[in-house]
Structure formats: C-alpha cells, structure tokens
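Hello,

The structure is below, followed by notes on how its two chains meet.

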Amino acid sequence: MSSHHESTRAADDQLVPTPGQTVGPFFGYALPYAQDGELLAPGHPRSIRLYGTVTDGAGQTLPDAMIEIWQPDEHGRVPRETGSLVRDGYTFTGFGRTGVDDAGRYTFTTVDPGATEPGKAPFIAVAVFARGLMNHLHTRVYLPEDAAALAADPLLSSLEPDRRETLIGVREPDGALRFDIRLQGEGETVFLAFPHHHDPDDAASPGQSPHGRAGTGDAGAQ
Amino acid sequence: MDVQPPPLDPAATMESQQTLSAEIAAIHQQHRDAVAAGETPETQPRRNFPPYRSSLLRHPTKSLHHADPETIELVSPAFGERDVHPLEADLTIQHDGEPIGERIVVAGRVLDGDGRPVRNQLVEVWQANAAGRYVHKRDQHPAPIDPNFTGVGRVITGDDGEYRFTTIKPAPYPWKNHHNAWRPAHIHFSLFGTEFTQRIVTQMYFPGDPLFDLDPIYQSITDQRARDRLVAVYDHSLTSHEWATGYRWDIVLTGGDRTWTEDDAEAEEH
C-alpha cells in the first residue's frame with residue numbers, strides 16, 4: 001500500500017477510497033468494443049431494445065456520454081460467465097456498455113430481467129459516465145409491468161411519486177423499454193448513493209458528513 | 001488621437017487562468033473552513049464544480065438518494081482470459097514499431113475498503129501519447145499522432161489484486177475550459193470491484209506536475225490529501241535496468257461491505 005491510503009483510514013477503519021474523475025471526452029476510442037451494447041444478438045427472439053437519451057440541465061442531449069448496464073437474465077439469475085468484452089453470440093453475461101450516438105441516444109439489445117426473488121421488482125443497474133460529469137452516477141431502470149412488486153420495492157417506496165417515475169422504464173408497443181436519463185433539472189433522474197460511498201454530492205451541504213443518512217430521502221437537495 | 005483597440009482575439013475573450021484559479025481557491029477555502037469547523041474532509045470530487053465549466057449543466061442538483069444495494073448490485077460482471085489477452089497490458093507493442101517517448105511501467109494493487117485484494121477484475125486504461133495527443137477523432141490538438149501508439153490497454157487483476165501496464169509517459173495537453181488551459185499529464189483508469197457499486201473511472205497523475213494547481217478537474221477534489229491519492233509515486237524497484245522507469249499507484253474502491261461468504265470463496269477458485 002502507498003502511504004496515501006495507510007495514513008488516512010477512516011473512523012470506521014475502512015481504507016479511504018480513491019477519488020473518481022470524469023471519463024473526459026476521449027474515451028470513445030478506448031472503452032467501447034465490438035458488440036458492446038448487444039447482450040443478445042439483435043433480432044434474437046428473446047431480445048428487447050433498451051434505449052433512451054441522456055440530457056443536461058438545458059434539455060440538450062449529450063453527444064459524449066457512456067452508459068453501462070448490469071442485470072440478471074430473464075429468469076432472475078445473476079450471470080457469472082465471463083465474455084462480456086468478446087461476445088460469443090450465445091452466452092448471456094449480463095453486462096453491456098455503449099456510448100451515445102451523435103443525437104444523444106443510447107441503445108442496448110438485452111432481455112427483460114427476471115425477479116431475483118419471488119415478488120421482487122426486476123430492475124437493471126445503470127452507470128452513467130460523461131464529459132462534464134466529474135464522477136459517474138448509479139441509477140436503476142425498473143420494468144413497468146408488475147405493479148405490486150413496484151409498490152413493495154424499498155427504493156421506489158422511499159421516493160416521492162414524481163421522482164419515483166424517473167426510475168421506471170416505459171414499455172413501447174414493439175416491446176422496447178425506453179429509459180431517458182436527465183442529469184439535471186426538470187424530471188431529474190434519481191441517482192443513488194450506496195453505504196460507505198463518501199460522496200460530497202450526497203450531503204445536504206458541501207462538506208457535511210454523509211454518514212448514517214440511509215433512507216432519509218432527497219430532502220437535502222442542494 | 002483616436003486609437004482603436006485591436007480586433008479581439010477570440011481566445012482572449014475567454015476567461016483567464018487567473019479567474020479560474022481564484023474560483024478554485026475560494027471553493028477550497030470554504031472546504032478548509034468547513035473542516036476547521038468540524039466537518040469531515042471530502043474524499044471524492046464534487047460533481048458541482050463550477051470552475052470545470054462543463055459540469056455546470058451536467059451535475060444533478062438533487063442529493064443522491066441513499067439506497068441499500070440489492071441483488072445484482074452486490075456482484076460485479078465477471079471478466080477473465082476470454083475477455084483480455086495478456087499482451088493488452090503492454091501499450092508499447094501494439095504496432096509494428098516502437099512508440100516515441102519515455103517508456104514507463106505503471107503497477108499497483110486494487111483493494112476494497114477493507115484492504116482485501118480485488119482479484120480477477122478488469123482494469124482499463126487510455127491516455128494521450130508522448131506529445132499530448134489522443135488518437136480520438138475529436139482531439140484536434142496540433143501535436144503529432146504516433147502511428148506506433150494507440151494508448152489503450154487492459155489487464156485482469158491477479159490474486160493479490162495486482163495490475164501492471166507498460167506504456168509511454170503521456171504529455172500534458174491543452175483543452176478549452178478557459179484561455180490557455182492545460183491538463184496535467186494523466187492516464188485514465190476504469191475499474192470494476194467485486195460489487196457493481198464499486199465501479200470507478202478516474203485519472204492517475206504523475207508526481208510533481210506543475211499543472212496541478214491550475215487544473216479544475218484535479219482540483220474538483222477539494223481536499224489535498226484526497227487529491228494526493230490520484231498521484232502515483234516513483235518507485236525505483238519498478239524501474240528496470242536500461243529499459244523503463246516505474247511508477248506505483250494503488251487504488252482503493254468504495255464500498256465493498258458485503259458479507260464475505262463461502263460461495264465467494266468457492267467462486268474465487270474458478
């Protein structure tokens with residue numbers, strides 16, 4: 001270990017995490033890879049399209065964002081297979097990555113995730129990266145169908161109705177799932193902080209300790 | 001005498017480094033004052049950091065919503081030898097010839113918050129060449145592209161969480177945040193942990209860079225000790241005789257508080 005980390009153990013004896021930094025403008029030749037957004041081959045009978053736009057606080061689409069998804073298969077099984085970076089066309093690895101196109105739209109070919117336990121609301125984990133976004137953001141896209149499961153979901157039920165809606169995908173007539181991501185402003189997507197993530201943006205004011213605030217909702221908007 | 005001002009140089013109408021540096025200093029002073037008043041020092045960058053002008057419309061204005069990670073979030077995608085060839089860790093052998101520049105080794109360990117090694121996980125890097133130019137088509141900086149250097153590498157961490165890249169030391173390069181803005185030399189890193197919640201994309205810097213104080217991206221981390229965690233250390237034990245100098249940089253991932261189970265131990269075997 002370098003002394004940077006050893007000398008700064010937090011009060012809970014956790015090592016202090018390395019800070020994030022923006023993905024910047026030039027990831028486009030490095031992080032995307034062949035079939036990165038195709039968890040299944042397009043046209044596969046089980047496949048759906050998951051797509052949407054990423055917009056900023058002025059409602060403009062971002063041409064330089066990158067989205068990652070990570071999800072169970074349609075039976076709710078969490079994939080453990082390798083091979084996300086070199087697709088063999090058969091193995092469902094559960095992970096996908098794609099840059100938005102010049103119109104700010106991202107597209108994945110995947111499956112509807114199944115419930116990981118009976119009665120659980122199925123969702124896809126989403127990570128958002130962009131130039132101008134200093135640290136990535138986590139969110140979820142829930143399937144809209146199972147109203148009872150959605151009503152029982154701990155995260156969704158902790159949100160005000162208008163905020164809750166930002167996490168539920170919209171099913172389109174052709175079976176596609178639309179999920180628009182709004183980084184700021186009207187209809188701002190709910191982004192998540194997880195325990196032990198010491199993020200200045202999850203405090204009510206800059207510098208305030210985020211410890212012990214789980215479940216307090218977004219009352220402390222900056 | 002009626003002297004007309006010279007035609008405005010468009011670049012000269014942009015904000016000065018002095019303006020940006022003053023904004024950065026004010027934010028850092030606020031942070032120091034908060035710490036002096038008993039607040040916990042910040043350890044991550046601010047997404048809302050106005051000196052980084054591109055952040056103005058791209059940061060959430062509502063607080064992040066606290067959530068307990070569930071199911072899929074408590075594991076990470078699996079990567080392995082199907083995904084990454086061992087030669088991808090050497091960025092100097094991807095073309096017919098040798099890239100121009102200072103050959104370096106960058107190595108370290110990836111750990112979780114408890115200090116456990118993060119094994120068998122994906123580390124991706126990308127960077128400018130020795131002239132400060134990216135291969136990316138949007139990089140129009142008039143510095144030469146090196147036909148022998150793409151600047152992209154990948155590696156899977158070893159049993160001790162270790163990674164190691166051989167590459168060329170990148171140069172600083174200009175960007176358009178403000179007038180005469182230059183980024184310190186850096187290598188972009190992208191990592192996965194044992195949980196998807198531990199995902200991180202960041203940048204590694206080189207010790208003693210004179211551009212640190214001027215850079216709104218680096219300075220978006222308001223605490224000096226936290227900023228230091230992005231700076232590699234020169235390590236002569238990584239330097240090899242008549243071949244390459246060595247830099248060491250360890251990475252600690254956030255979170256990782258999932259209970260360690262027998263299943264995990266078993267999964268490690270595969």
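**Interface of chain B and chain A**

Across the interface of chain B and chain A there are 7 salt bridges, a salt bridge being a side-chain nitrogen of Lys or Arg within 4 Å of a carboxyl oxygen of Asp or Glu. One of them joins B:Arg199 to A:Glu68, with the closest N and O atoms 2.6 Å apart.

This is a predicted model: local features need pLDDT of at least 70, side-chain atom pairs count only at pLDDT 80 or more, and totals for chains, interfaces and linings use all residues. Residues are numbered from 1 along each chain as its sequence is written, chains are lettered from A in the order in which they are written, and side-chain values use heavy atoms, with hydrogens and water left out.

The contact (heavy atoms within 4.5 Å) involves 103 residues of chain A and 89 residues of chain B. Between them the chains bury about 8,900 Å², 57% of it on carbon and sulfur atoms; buried area is the accessible area (1.4 Å probe) that two parts lose on being put together, summed over both. In chain B, the residues that lose the most area to chain A are B:Arg58, B:His65 and B:His66, together 11% of what that side buries.

Strand E10 (residues 192-193) of chain A and E1(B) pair in the parallel sense over 2 bridges. Strands (E, at least two residues) are DSSP runs, numbered from the N terminus, and two of them pair if DSSP finds at least two bridges between them.

Regards

Methods
Helices (H or I, at least four residues) and strands (E, at least two) are DSSP runs, numbered from the N terminus.
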